[in-house]
Amino acid sequence: MKYRPSRRTRRFGIGAAAVLMLAGMNGPALYRFSSDKYHRYKINQPEYKARNGHWDVVNVPEEYRINTIHAALLHTGKVLLVAGSGNNAKNFTAKSFRSVLWDPAKNTFRNIPTPQDLFCAGHSQLPDGKLLVAGGTQRYEKLKGDVEKAGGLMFVHNEDPDKPKTFPAGTRFTGKENGKVFESKDPVLVPRAKKTQNRKSRKVTVTASTARVYVEALRKGKRYQTGTQDNYRIEGLEGKDRQNFYGIAQKLSFDKKDFQGIKAAYEFDPVAERYVPVDPMHEARWYPTLTTLQDGRVLSVSGLDEIGQVVPGKNETYDPRTKKWKYLPKRRFFPTYPALFLTDGGRIFYTGSNAGYGPDNVGRTPGIWDLKTNAFKTVPGMSDPDILETSMSVLLPPAQEQRYMVLGGGGVGEDPRATAKTRIIDLHKARPRFHDGPKLYSEVRYPSSVILPDDTLLTTNGSGDYRGRDGSNVLRAEVYDPKANTVRGVADPLVGRNYHSGALLLPDGRVMTFGSDSLFGDSANTEPGKFQQQIDLYTPPYLFRDARPTLVDTAPRTVKHGARATYRTPHAPTIERVRLIRPSSFTHVTNVEQRSIALDFVAGRDSVTVRIPKDPSLVPPGWYMLTVVDDEGTPSKAVWVEVPPSAATARTSKR
């Protein structure tokens with residue numbers, strides 16, 4: 001009898017054959033499916049988390065999703081997320097400027113009215129816990145092919161020693177030779193002319209004052225551009241003003257127009273949760289660095305000015321007591337967003353890291369800057385010195401050791417080069433010199449590094465090319481141990497992050513990551529990129545242990561330099577370290593605020609007494625997170641401590 005398979009068997013065989021055929025056709029897809037499923041299973045195992053940590057996505061309601069470009073932790077425990085116009089010219093034109101206040105403990109959000117376009121501003125923590133935000137965007141860049149009206153720089157002169165004059169936006173200038181008309185895009189104040197008298201001859205000399213303003217032709221078209229210098233009459237002037245006030249301009253053309261900065265400054269009040277205007281800077285700045293000094297003043301350096309040029313070394317300081325700005329007496333040039341750290345004796349250490357504009361051969365050499373004398377002592381040994389742009393710089397923990405690390409970096413501008421090198425320098429050595437540290441997980445620009453309470457450094461993300469071009473985002477993270485000088489990989493990030501991204505430590509010991517502004521959305525560089533609005537939280541391995549120490553006294557305290565404070569804790573016998581960590585203020589691969597200071601302490605039976613160092617250049621005045629770390633390296637949740645300006649530094653700043 002001939003065997004005939006049953007109908008059920010035939011159906012099974014046909015189905016199996018179909019599955020095998022599909023598997024042959026779609027093997028890679030099925031493999032990826034099973035591989036991804038296994039990966040998700042693996043990273044959620046307790047053993048994996050305990051060694052590598054874990055990433056989670058923050059649930060952000062649609063109405064609070066913004067292009068986060070700036071982030072700062074406030075002493076209320078909340079994080080100020082700032083987009084401004086969010087690198088979106090349409091938002092800028094519509095004057096749609098965004099800031100959102102996020103409470104990580106409750107995962108609640110609040111939209112904050114934003115007075116101006118704070119996109120690409122600078123920011124720094126003030127002694128009273130407010131956040132100083134200065135600079136931002138006056139005008140978006142236009143590439144050469146996109147410029148529709150001839151324009152450029154107009155120098156407005158004043159020969160009247162008796163009065164200054166403000167010309168409003170829309171003031172018209174007519175060329176005496178070319179007859180062409182241009183109008184100013186912003187108001188401009190021209191100071192009074194300078195009058196001097198010779199003591200012997202009694203002869204009086206008047207030197208005209210000058211101010212600059214960006215002007216454009218009234219109409220589109222090549223015939224409205226100019227090719228040579230000309231003097232310009234100012235419309236609406238009468239009498240002597242017609243002679244005393246005039247404009248002079250070189251070529252007004254269709255050349256590329258860079259971003260332009262603003263002078264505006266604000267203090268963000270974490271309690272009132274609003275921006276409060278203060279006196280504007282003397283210089284307009286887009287891409288500036290703000291660094292808090294030992295007396296509580298804030299140094300503002302570099303940036304693009306109101307006509308799109310790098311500020312030519314005119315640096316200034318903000319006094320939070322008077323709310324006013326003051327120029328430094330001498331100039332020093334830096335490229336935009338330079339990494340400038342407060343170091344011993346109130347000097348400034350420039351690591352060489354920067355993020356953007358400026359010539360490739362000026363102001364890029366690392367060194368120590370004395371603000372009092374303007375002396376600048378270069379430090380040698382930097383490897384790959386020509387690809388420091390978009391590198392990350394960190395004051396390694398503990399801050400007392402004054403060891404700095406520079407991580408990754410790329411070539412100037414859109415240069416495709418990147419490096420995996422880290423470079424370390426000890427400023428306490430007799431002859432400080434950079435040497436190479438362990439290599440990063442990949443050649444990267446835009447890495448984000450965060451000091452953790454256990455004295456390690458988390459570094460994550462970045463891209464191998466300019467703004468993630470060629471699909472070069474790097475989904476890797478690692479932890480560096482400064483004491484052992486070793487690195488080890490940890491859990492991979494969930495999304496790519498490059499330009500306009502960052503990370504900062506939260507009071508509970510977790511790390512938030514934000515932003516990313518890829519130039520393209522695909523590896524073929526054919527689709528425009530989309531801003532990454534997702535916020536992620538990294539939970540380090542130390543939070544997957546059975547227990548963590550606690551500080552019972554959670555009320556904020558004010559503790560002066562050199563003073564002591566006692567906190568209750570049931571884990572006093574196990575405490576091995578105490579750290580004072582300054583809250584971060586991160587943008588554009590720049591976070592010169594973060595530092596972790598080792599505190600001397602005495603553990604009692606159920607308490608710990610800590611002492612704040614006396615040196616305000618080690619502990620700049622302001623609010624800090626105080627955390628204790630047990631003998632297993634597990635940190636407590638932080639409590640907030642205010643360290644006010646010392647009397648000595650306050651007297652120094654008044655002088």
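A: Accessible areas here come from the Shrake-Rupley method with a 1.4 Å probe. On that basis the accessible surface of the protein comes to about 29,800 Å², and 50% of this belongs to carbon and sulfur atoms. Please keep in mind that this is a predicted model.

Q: What makes the radius of gyration of the protein agree with a compact globule?
A: The rule for a compact globule of 655 residues gives a value near 26 Å, and the protein has 29 Å, which agrees. Along its principal axes, the C-alpha trace spans about 125 × 80 × 45 Å. As for the make-up, there are five helices and 49 strands, and 55% of the 655 residues count as buried. Among contacts between residues at least 6 apart in sequence, 62% join residues at least 24 apart.

Q: Why is the contact between D255 and K251 called a salt bridge?
A: The closest N and O atoms of D255 and K251 are 3.3 Å apart. The cut-off is 4 Å between a side-chain nitrogen of Lys or Arg and a carboxyl oxygen of Asp or Glu, so the pair qualifies. The structure holds 36 salt bridges, and R172, E183, K185 and E216 are linked in a network of them.

Q: Why do D255 and K251 count as partly exposed?
A: Partly exposed covers what lies between the buried limit, under 20% relative accessible area, and the exposed limit, over 50%. D255 has 30% relative accessibility, so D255 counts as partly exposed. K251, at 46%, also counts as partly exposed.

Q: What makes R469 and E414 a salt bridge, and where in the chain do the two residues lie?
A: Their N to O distance is 3.5 Å, which is within 4 Å, so the term applies. The pair links distant parts of the chain, 55 residues apart: R469 is in the loop between strand 35 (457-460) and strand 36 (477-481), and E414 is in the loop between strand 31 (403-407) and strand 32 (422-426).

Q: Why is R469 called buried?
A: R469 has a relative accessible area of 14%. Buried means under 20%, so R469 is buried.

Q: How do you know that D455 and R579 form a salt bridge?
A: Their side chains meet at 2.7 Å, N to O, and the limit is 4 Å, so this is a salt bridge. The two residues are 124 residues apart, with D455 in the loop between strand 34 (448-451) and strand 35, and R579 in strand 43 (residues 575-581). Both D455 and R579 are buried.

Q: What makes strand 42 and strand 47 a pair?
A: Two strands pair if there are at least two bridges between them. Strand 42 and strand 47 (residues 607-611) have five, in the antiparallel sense, so they pair. The bridge partner of R564 is R611 in strand 47.

Q: Why do strand 42 and strand 46 stand at the edges of their sheet?
A: The open antiparallel sheet has three strands in the order 42-47-46. Strand 42 (564-568) and strand 46 (600-603) each have a single partner strand, so one side of each is left without a neighbour in the sheet. Neighbouring strands of this sheet are turned by 20° against each other on average, direction ignored.

Q: What makes both faces of strand 23 covered?
A: V298 and S300 on one side and L299 and V301 on the other are all buried.

How values were computed:
Residues numbered from 1 in each chain as written. Predicted model: local features only at pLDDT ≥ 70, side-chain atom pairs only at ≥ 80, totals over all residues. Heavy atoms only, no water. Buried < 20%, exposed > 50% of the residue type's maximum accessible area, 1.4 Å probe, protein only. Helix = DSSP H or I, 4+ residues; strand = E, 2+ residues; numbered from the N terminus. Axes fitted to C-alpha atoms, helices over the stretch in contact; angles between N-to-C directions. Rg over C-alpha atoms; globule rule 2.2 N^0.38 Å. Contact = heavy atoms within 4.5 Å.
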